Structure formats: structure tokens, C-alpha cells
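This report is meant for a reader who is meeting the structure for the first time. Please look over the sequence and the model before reading on.

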Amino acid sequence: MTADGRLRVAVVGSGPAGFYAAGALLASAEPKVEVDMIERLPTPWGLVRLGVAPDHPNIKSVSRAFEKIARQPRFRFLGNVEAGRDLAHADLLRLYDAVVYAVGAQTDRRLGIPGEDLPGSWAATELVAWYNGHPDFQHLAFDLSCERAVVIGNGNVALDVARMLALTEEELRPTDATDASIEAIVSAGIREILVVGRRGPTQAAFTTPELKELADLRDADVVVDPAELELDPASEAALEHDTNARRNLEVLREYAARPPAGKARRIVFRFRRSPVAILGRERVEAIELERNELGADERGRVQAVPTGQREVVPCGIVFRSIGYHGLPIPGAPFDERSGTMPNRGGRVLDEEGDPIPALYCAGWIKRGPTGVIGTNKKDATETVEALLEDARDGRLPKRETSALAVDALLAERGVEVVTYAGWEAIDALERARGEPQGRPRVKLCTWDELLAAARA
């Protein structure tokens with residue numbers, strides 16, 4: 001604790017889970033808490049800044065709530081500081097009374113099929129980071145000259161990728177997508193985006209508003225073969241208890257009943273197909289899909305069963321969007337299979353399944369990559385309640401902590417810390433660049449640009 005009895009907590013990660021955790025900690029009356037938010041990037045907000053589609057500005061507005069948290073006097077933002085590199089796991093446990101990891105799920109799940117590493121085969125997360133201006137992904141070069149792109153997955157990220165590839169210049173220009181990505185998408189040769197799902201339409205993880213907004217695309221038709229929407233008995237049964245699935249099916253049936261208008265691009269949905277190989281000599285030339293039948297397992301869950309019926313679909317680029325996967329923090333417990341930190345209610349567990357004193361997790365690194373932004377609030381609150389309970393019950397190690405000790409160690413190691421004021425300088429410059437163009441911001445996309453703006 002600090003000299004005046006305050007608890008000092010490190011929250012590692014500045015996405016929604018991190019900020020909701022920080023907000024809950026700062027709201028504590030007893031004990032009083034100081035929060036250092038440690039973020040690898042010079043910018044906060046996590047996937048709100050770098051994962052939400054640029055044409056969804058309303059979703060990004062949740063950052064206003066985070067700004068209020070960040071301006072509280074017992075909060076510090078330490079950007080450009082990487083846990084596991086600049087501050088080791090052991091450093092954090094020594095420098096703070098407690099540590100909350102809210103680092104999300106930073107990589108993608110792989111298909112595990114032949115040809116997956118061919119040029120032109122990408123993780124959807126790479127495209128999303130690229131068009132959102134993540135500084136680690138601006139060197140990527142996506143060849144969008146082909147006529148058909150294939151997106152594997154039936155979640156909202158898959159829909160984001162399909163929709164972004166179908167937008168016109170008029171739809172893209174008012175957004176905060178990077179200039180390079182706007183130019184690439186507008187000049188792309190893509191005429192068809194095929195969205196492929198392993199199971200049926202009622203098992204798709206799309207949220208209905210995301211699915212419905214495809215109808216508003218200026219120059220892209222949405223194409224659904226009515227045969228794709230025929231339901232097996234197991235799906236019919238599951239539909240009775242799933243409101244989102246019923247609404248999705250209604251929207252898909254509306255698309256199926258609508259004749260194409262002959263627009264420049266089209267988004268085509270195919271269900272009950274699994275990719276079995278990505279084909280090509282030097283780069284992606286086609287994808288091989290296998291048809292599935294659906295049936296219920298012993299628990300009543302709908303499963304995809306391969307039929308052996310295969311087809312080859314020519315395409316020039318493939319994006320896999322079958323989920324995110326967490327990465328370990330060196331020295332901290334990690335379950336490779338689930339991509340999470342083993343935990344019980346946010347308390348991180350050791351190999352014997354016992355809680356490790358002062359170590360907690362929240363968000364996707366706690367529960368896996370599920371839910372929407374708001375889901376993280378309840379999740380983070382649960383973790384913070386466990387932490388505060390442990391503090392009140394005397395279960396946290398007794399140690400003297402101070403902001404000065406953290407700052408001194410980072411200075412000794414030559415780390416250029418970006419404070420919240422540094423982020424505000426970045427934010428102001430980006431907004432100023434965007435204003436003449438009628439855009440919310442024009443993002444700084446390289447580490448050098450971001451750090452230079454923060455220094456100002």
C-alpha cells in the first residue's frame with residue numbers, strides 16, 4: 001500500500017475490460033485505490049479504437065465513458081509500456097498490491113488446413129487492424145485485385161470484413177479508416193465476397209443489427225439462395241429458444257426473397273460448408289469446401305458432420321474469421337487450449353487450482369473471446385469485487401508501493417512512457433487532421449508518428 005493506506009493496482013490492457021475494471025476500482029470507498037493502466041500501445045481503448053469497424057462510429061462512442069474514468073485523479077495511463085518486456089510479470093507483482101490482466105485475445109484461431117499459409121490467405125484480424133490504423137499492421141499489403149474474396153466465419157468480425165470490402169468511396173470517406181485502406185478498397189477488383197459458415201443459418205453468431213445493415217449498402221447486393229435456409233430438425237428445435245437466431249433467419253429470408261439489383265459488388269452467404277484446403281501454386285487461387293449435414297449430439301447441441309461432398313471455388317484472397325485466441329504473458333499462468341488465464345471468478349489459479357495472491361484477470365483473457373463490449377462491464381466488476389474482498393480480508397501480500405518506484409524503474413530501463421496527456425495530444429492532432437475532411441479523425445498509423453505527437 002501507499003504511505004497513506006491506498007491500494008495500488010496495475011490494470012494491464014486499456015480496452016473495455018481494462019477500463020471497466022479501472023472504473024470499478026476507483027469507485028471503491030474502502031479501500032481507496034490508485035490505478036496504473038499499463039498499455040503496450042501509445043493509444044488506449046483497445047478494440048474500440050482498433051477493432052470496431054470504421055463505419056460504426058456509434059459503437060466507438062463508448063470511449064466517452066472511459067475518458068471520464070481516465071480523468072479521475074487516482075488514475076494514470078502508462079502507454080508504450082509492454083508487460084512482459086518493459087515490466088516483467090514479477091516486476092508487476094512486486095511494484096503493485098494487485099495486478100489485473102485485461103489484455104484481451106491478441107491473435108486469431110487458425111483453420112489448420114493445407115494451403116493456409118499461401119500468400120493471399122489472411123487472418124481477418126490482420127485486415128481489421130490494417131484498416132483501423134494499428135501501427136503493427138501498416139506494412140501489410142493485401143492484394144485485392146481478384147474478383148472473389150472468401151470470408152470463413154459467421155460472426156460479426158466476418159460481417160465487418162465482408163461489408164468493408166463492399167463499401168464505396170462515398171461510404172468510406174467519412175470514416176476514420178486509414179487513407180491507404182480506403183484507396184485499396186475503392187480500387188479493388190473484388191466483385192463478390194463469399195461468406196462461408198460451417199453450420200447453418202440459425203447457428204450463425206451474427207447480431208441481427210449487423211446483418212440487417214447490409215441491406216443499406218450503396219452498391220452491393222446481398223445474395224442468399226433459399227436452399228441455404230432450409231432447416232434440419234435439430235436447428236428447428238434450437239430456434240424455439242434463441243431469439244437472435246430467429247431474427248437473423250427472418251433477415252436472411254428477406255434477402256433470399258429479394259432479386260439482385262445488379263450492383264457492382266455482392267455479398268453471398270453459404271452455410272453448412274467447411275474449408276478443407278486452400279489451393280494455389282504461388283498464391284491463393286481457390287478454396288475447397290466440403291458440405292456438412294447438421295445433427296444434435298448427446299447434449300442436444302447442433303454439430304456439423306462432413307458428407308464428403310466437395311466443391312472448388314475460385315478466389316484470390318481468403319480471410320479466416322473463426323475467433324480470437326489469447327497469448328501468454330511470460331511468467332504468468334496460461335491455458336494454451338482455451339487461450340485464457342486459468343481463473344475462478346477472476347482470481348488467477350496456480351497449477352493446483354488455488355488462487356494466486358494479488359493476481360487477477362478480466363475480459364477475454366479471463367473468459368475467452370465472447371460477448372459484446374458491454375459484456376466486459378459485468379465481467380470486470382466480478383473480478384474487482386473479488387480483488388476488493390481479498391484486500392478487505394487481508395489476503396493480499398503486505399508491501400509498500402508507490403508511483404515513484406514504477407516511474408524510476410521505467411526511466412532506468414529507458415522506456416518512453418506515453419501519459420494520458422500524451423494520448424490527448426495524439427487525439428487532438430488526429431481530430432484536427434480529420435475536421436477539414438468531415439471525418440472524426442485521420443489516424444496516425446506509425447509508431448514514430450504516434451510517439452512524436454505524444455511528445456508534443
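The structure shown is a predicted model. In soluble globular proteins, nonpolar side chains tend to be buried together. Here the largest nonpolar core holds 50 residues, and those with the most contacts inside it are Leu 165, Leu 211, Leu 214, Ile 267, Phe 269 and Phe 319. The element that gives the most to this core is helix α7 (residues 156-166), with 7 residues. A second, separate core has 40 residues, among them Ala 22, Phe 66, Phe 77 and Ala 98.

Helix α4 (residues 63-70) has the buried residues Ser 63, Phe 66, Glu 67, Ile 69 and Ala 70. Seen down the axis of α4, these buried residues fall within an arc of 160 degrees, so they line one face of the helix. The face turned away from the buried side of α4 carries the exposed residues Arg 64 and Lys 68. The buried residues of α4 are covered by elements that include α1 (16-26), α2 (47-50), α3 (57-60), β3 (75-78) and α16 (420-434).

Ile 113 and Ala 277 are 164 residues apart in sequence, yet their C-alpha atoms are 5.4 Å apart in space. Not counting residues up to four places away in sequence, Ile 113 touches Pro 275, Val 276, Ala 277 and Ile 278. Thr 383, for its part, is found in helix α14 (residues 375-392), and its contacts, leaving aside neighbours within four places in sequence, are Val 100, Gly 345, Gly 346, Tyr 360, Cys 361, Ala 362 and Lys 366.

| Residue | Relative accessibility |
|---|---|
| Ile 113 | 13% |
| Thr 383 | 0% |
| Cys 146 | 14% |
| Cys 445 | 13% |
| Arg 272 | 12% |
| Ala 358 | 2% |

How many disulfides does the structure hold? The structure holds 0 disulfides. For Cys 146, the closest cysteine sulfur is that of Cys 315, and at 7.3 Å the two sulfurs are too far apart for a bond.

The second largest pocket contains about 420 Å³ of space. This pocket is lined by 22 residues, and of these Pro 57, Lys 60, Arg 431, Pro 440 and Arg 441 lie nearest its centre. The elements giving two or more residues to the lining of this pocket are α2, α3, α4 and α16.

The backbone deserves a separate look. Most residues other than glycine have a negative phi, and most peptide bonds are trans. In this model a cis peptide bond, with omega about 0 degrees, joins Glu 30 and Pro 31, and Pro 31 is placed in the loop between α1 and β2 (33-38). Arg 272, although not a glycine, has a positive phi of about 55 degrees and sits in the loop between β10 (265-270) and β11 (273-279). Ala 358, also not a glycine, has a positive phi of about 75 degrees, and Ala 358 lies in strand β18 (residues 355-361).

Definitions and conventions:
Residues are numbered from 1 along each chain as its sequence is written. This is a predicted model: local features need pLDDT of at least 70, side-chain atom pairs count only at pLDDT 80 or more; totals for chains, interfaces and linings use all residues. Side-chain values use heavy atoms; hydrogens and water are left out. A nonpolar core is a set of buried Ala, Val, Leu, Ile, Met, Phe, Trp, Tyr and Cys residues joined through side-chain atoms within 4.5 Å. Buried means under 20% relative accessible area, exposed over 50%, partly exposed in between (1.4 Å probe, protein chains only). Helices (H or I, at least four residues) and strands (E, at least two) are DSSP runs, numbered from the N terminus. Contact means heavy atoms within 4.5 Å. The arc is that of the directions from the helix axis to the C-beta atoms. A disulfide is a pair of cysteine sulfur atoms within 2.5 Å. On a 1 Å grid over the protein atoms alone, a cavity is a set of points where a 1.4 Å probe fits but cannot get out, and a pocket is an open set with protein on both sides within 12 Å along at least five of seven lines; lining residues have an atom within 4 Å of a point. Grid points are joined across faces, edges and corners, and a volume is the space filled by probe spheres set on the points.
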